[in-house]
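Please have the sequence and the coordinates open while reading.

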Amino acid sequence: MLKLFYPTYYFSHAWEITPEFLRAQGIRAVLSDLDDTLTCHDSQELAPEYAAWLARLQAEGIALCILSNNAEARIRPFCERNGLQYTPKAKKPLRAAALATAERLGAKPEETLLLGDQIFTDILCGKNAGMRTAAVPPIGRKATKFIAFKRWVEKPVWRAYFRQRKEEV
Ligand SMILES: [Mg+2]
């Protein structure tokens, strides 16, 4: 039952997802969450390893767009400074914005990866849209009360997920 919420892939950092890996999986486009996935919640800073990773994906022909539930005022300065496309107010886990964004990038849902740190927002959105999903642990410690609540609800899913991974090794 909890398996319904498992991500397809799990990485310790977004920048570990290489273009080679994506190509081998038949993935042509990445829709990435911003807050706590690429930078801390509400931060405008982009650490060098993340900046290098975003540049490398795009240089190697992987289409990329930030897909965020946050407001345009938060997303736009960050994305403009870093040359990134963006979809604000995405209403994840609903799938409409994810599907429209993938289409804009010229990728089918099955060729698209949805990357994020929250199961009931990002991962569920990718699943609802028929995309593959990659989860990363949240970068920052600062969280709103609502996010802290969602992380608390996520706990049993993560516990079951990591228990199963340990058994598979
Ligand atoms: Mg997030």
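Helices here are DSSP runs of H or I with at least four residues, strands are DSSP runs of E with at least two, and both are numbered from the N terminus. The model is a predicted one: local features need pLDDT of at least 70, side-chain atom pairs count only at pLDDT 80 or more, and totals for chains, interfaces and linings use all residues. Residue numbers start from 1 along each chain as its sequence is written.

**The loop residue T37**

T37 sits in the loop that connects β2 with α2 (48-59). A residue is called buried if 20 or more other C-beta atoms lie within 10 Å of its own, exposed if 12 or fewer do, and partly exposed in between, with C-beta atoms placed from the backbone. T37 is buried because 24 other C-beta atoms lie within 10 Å. Two residues are in contact if their C-beta atoms, placed from the backbone, lie within 7 Å. Leaving aside residues up to four places away in sequence, T37 touches A14, S32, L115, G116, D117, V136 and I139. T37 and Y50 are 13 residues apart in sequence, and their C-alpha atoms are 9.9 Å apart.

**Overall build**

The protein has 6 helices and 6 strands, and from the N terminus they follow the order β-α-β-α-β-α-β-α-β-α-β-α. The C-alpha trace spans about 40 × 35 × 30 Å along its principal axes. Of the 169 residues, 35% count as buried. Among contacts between residues at least 6 apart in sequence, 63% join residues at least 24 apart.

**The sheet**

Two strands are said to pair if DSSP finds at least two bridges between them. The 6 strands form an open sheet in the order β1-β6-β5-β2-β3-β4, with parallel pairing. β1 (9-10) and β4 are the edge strands, each pairing on one side only. Strand β6 (residues 132-135) pairs with β1 in the parallel sense over 2 bridges, and β5 is joined to β6, also in parallel, by 4 bridges. On the way from β5 to β6 the chain passes through α5, and this β-α-β crossover is right-handed; that is, with the strands pointing away from the viewer, the path from the first strand over the helix to the second runs clockwise.

| Residue | Opposite residue in β6 |
|---|---|
| L115 | A134 |

In a regular strand the side chains alternate between the two faces of the sheet. In β6, R132 and A134 point one way, T133 and A135 point the other way, and all are buried.

Which residues of helix α4 (residues 96-104) are buried? They are A97, A98, T101 and A102. These residues cover an arc of only 130° around the axis, which puts them on the same side of α4; the arc is that of the directions from the helix axis to the C-beta atoms. The buried residues of α4 pack against β2 (29-32), β3 (63-67), β4 (85-87), β5 (112-116) and α5 (119-128). Just after α4, G106 takes a positive phi of about 80°.

α5 lies across β5 and β6 and runs at about 170° to β5. Axes are lines fitted to C-alpha atoms, for helices over the stretch in contact, and angles run from 0 to 180 degrees between N-to-C directions.
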